[in-house]
Amino acid sequence: MSSPTYKLPPLPYAYDALEPSISKQIMELHHSKHHQTYITNLNKALEVSAKALSEGKLEDSAAQLAAIRFNGGGHINHALFWENLAPSSSSDSKPDAAPKLVAAIKDTWGSLDGFKKAFGAALLGIQGSGWGWLVKEAGTGQLRIATLANQEAVVVGDTPLFGVDMWEHAYYLQYLNGKAAYVENIWNVINWKTAEQRYAGAREDAFKILKANM
């Protein structure tokens, strides 16, 4: 029994394209080192699990589940994250690129600024490391802010529209302990066009980048 092998997805922009909101140094380390490490460890855990299953050793295969969940979540979250960022000079980074989504946001939170305030509070309320996501709920299509610890991923039901990485490696080299400044500046580089496409599309469309890099 063979296991899938995942590869590091290329960034859709240069490492320095998100400056000054996110520095080149952070982007290069975050993408080429941190994300690559999750992928390396995921592939190893999947290989060990598949080999154990092929040998009838369910107990050894099951022992890999924690590593698959953590590193798989790290790969999923980062693959989605890179796509939901865009240079501030791009029209994709303007809310006008997401008219349907912004209308739904206003219906839910009263205004775009009201949503940003609620989302920012959720991000800054994360204890330790984690992620904050705007998601479209399965079934209802309603919008919701979700916060997840460590590398837990939006993998059950909901459609991730855009997320923000709140691990220290996402901001510390530039912002030090100034998480609030990072959260404020991340709005300059949110890819609203991608968020609109995820909002309008099927849930599996949001995760297509995973299949594209196997």
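User: Which residues does Asp165 touch in this predicted model, not counting residues up to four places away in sequence?
Analyst: Asp165 lies in strand S3, which covers residues 159-165. Not counting residues up to four places away in sequence, the residues that Asp165 touches are His30, His78, Phe81, Gly130, Trp131, Ala170 and Tyr182.

User: Is Asp165 buried or exposed?
Analyst: A residue counts as buried when its relative accessible area is under 20%. The value for Asp165 is 0%, so Asp165 is buried.

User: What is the relative accessible area of His78, and where is His78 placed?
Analyst: His78 belongs to helix H3, residues 65-83. Leaving aside neighbours within four places in sequence, the contacts of His78 include His30, Asp165 and His169. His78 is buried, and its relative accessible area is 0%.

User: How many helices and strands does the chain have, and what is its radius of gyration?
Analyst: The secondary structure consists of ten helices and three strands. The globule rule gives 17 Å for 214 residues, and the chain comes close to that value, so it is as compact as a globular protein of that length. Its radius of gyration is 18 Å.

User: What share of the contacts between residues at least 6 apart in sequence joins residues at least 24 apart?
Analyst: Contact here requires heavy atoms within 4.5 Å. Among contacts between residues at least 6 apart in sequence, the share joining residues at least 24 apart is 72%.

Methods:
Residues numbered from 1 in each chain as written. Predicted model: local features only at pLDDT ≥ 70, side-chain atom pairs only at ≥ 80, totals over all residues. Heavy atoms only, no water. Helix = DSSP H or I, 4+ residues; strand = E, 2+ residues; numbered from the N terminus. Rg over C-alpha atoms; globule rule 2.2 N^0.38 Å. Buried < 20%, exposed > 50% of the residue type's maximum accessible area, 1.4 Å probe, protein only.
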